[in-house]
Structures are given as C-alpha cells and as structure tokens.
Amino acid sequence: RRGDAQRHEGCWARFAGAPPGEIRFVDVPWLPIEGEEVLREALGIAHATGDADARKKAHRAASMRWHPDRFSQQFGARLLAADYERIMGRVTATSQAINTMLR
C-alpha cells in the first residue's frame with residue numbers, strides 16, 4: 001500500500017529534519033520488520049509492483065538510512081542513554097531485515 005510508504009516517509013522527514021534534543025526509543029519512526037511483505041509495503045517496494053530500478057533505489061535508500069554506523073553517526077549523540085542499546089538493537093534488526101529481504 002503506497003499510503004504506508006508515504007506516511008513513513010513523512011514521519012521520517014519530520015524526525016530527521018528536526019530530531020528531538022534527546023531521542024527516546026518511541027521517538028524513532030520505526031519500519032515494521034515483523035514480516036517481509038509488510039516491510040516491502042512500508043518501503044514502497046511491494047514485490048509484485050514497480051520496476052526493478054525503483055525497487056533497487058528504494059532498497060539502497062533504506063539500507064543507507066538504517067545502517068547502524070550511519071544512524072549512530074547522525075543521531076548517536078542525541079540518543080537517550082537509557083534507550084541507547086534498545087535503539088541500536090532495533091536499528092541493527094531493521095538493517096538486517098532490509099538486507100535479507102532483497103537477497
């Protein structure tokens with residue numbers, strides 16, 4: 001569902017454009033990683049639709065956004081210390097789900 005991807009992009013744009021001074025786990029606009037099809041829909045790359053170039057572009061953007069090193073570099077200093085491990089654990093799980101999805 002295209003609306004899911006657009007909704008997530010809007011949430012991410014607001015978060016990344018003006019992140020809270022101290023980022024808690026609940027502040028991060030997480031992707032749903034519970035199922036591959038749900039993740040594909042949230043990324044706007046449903047398996048049965050879209051061209052290969054569009055899927056590749058969306059995968060690359062998501063891989064870069066959710067790469068643990070990049071996320072830490074961009075937001076690490078603002079992560080609430082009490083939530084740091086939980087946040088970075090979910091970032092890593094999200095990154096792995098994205099990479100597994102397109103193998």
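A salt bridge is taken here as a side-chain nitrogen of Lys or Arg within 4 Å of a carboxyl oxygen of Asp or Glu, and by that criterion the side chains of Arg24 and Asp27 meet in one, at 2.9 Å from N to O. The model is predicted, so local features need pLDDT of at least 70 and side-chain atom pairs count only at pLDDT 80 or more, while totals for chains, interfaces and linings use all residues. Residues are numbered from 1 along each chain as its sequence is written, and side-chain values use heavy atoms, with hydrogens and water left out.

**Salt bridges**

- A search of the whole structure finds 3 salt bridges; in general terms, side chains of opposite charge can pair when their charged atoms come close.
- In the pair of Arg24 and Asp27, Arg24 is partly exposed at 42% relative accessibility, and Asp27 is also partly exposed, with a relative accessible area of 21%; buried means under 20% relative accessible area, exposed over 50%, and partly exposed in between, using a 1.4 Å probe and protein chains only.
- Arg65 forms a salt bridge with Glu9, with 2.9 Å between the closest N and O atoms. Because Arg65 lies in helix H3 (residues 52–65) and Glu9 in helix H1 (residues 2–17), the pair ties together parts that are 56 residues apart in sequence; helices (H or I, at least four residues) and strands (E, at least two) are DSSP runs, numbered from the N terminus.
- Glu9 itself is partly exposed, having a relative accessible area of 41%.

**Helix H2 and its end**

- The buried residues of helix H2 (residues 36–43) are Leu39, Arg40, Ala42 and Leu43. Viewed down the axis of H2, these buried residues fall within an arc of 165°, so they line one face of the helix, the arc being that of the directions from the helix axis to the C-beta atoms.
- Arg40 forms a salt bridge with Glu36, the closest N and O atoms lying 2.9 Å apart, and both residues belong to helix H2, where they are 4 residues apart, or about one turn of the helix.
- Within this pair, Arg40 counts as buried at 4% relative accessibility, whereas Glu36 counts as partly exposed at 43%.
- Just after H2, Gly44 adopts a positive phi of about 75°.

**Arg90, a buried charge**

- Arg90, which lies in helix H5 (residues 84–101), is buried yet has no salt bridge, and the nearest side chain of opposite charge, that of Glu34, is 4.2 Å away; Lys and Arg count as positive and Asp and Glu as negative, with His and the chain ends not counted.
- Not counting residues up to four places away in sequence, Arg90 touches Phe25, Trp30, Leu31, Pro32, Ile33 and Glu34, where contact means heavy atoms within 4.5 Å.

**Aromatic residues**

- Phe75 lies in helix H4 (residues 68–75) and counts as buried at 1% relative accessibility.
- Leaving aside neighbours within four places in sequence, Phe75 is in contact with Trp12, Phe15, Ala16, Pro19 and Ile23; the C-alpha atoms of Phe75 and Ile23, 52 residues apart along the chain, are separated by 8.0 Å.
- Ring pairs link Trp12, Phe15, Phe25, Trp30, Trp66, Phe71 and Phe75 into a cluster, and a search of the whole structure finds 8 aromatic pairs. Rings of Phe, Tyr and Trp (its six-membered ring) pair if their centres lie within 6.5 Å, with planes under 30 degrees apart counted as stacked, over 60 as edge-to-face and the rest as tilted.
- The charged end of Arg86 sits over the ring of Phe25, 3.7 Å from its centre, a description that requires NZ of Lys or CZ of Arg within 6 Å of the ring centre and within 35 degrees of the ring normal.
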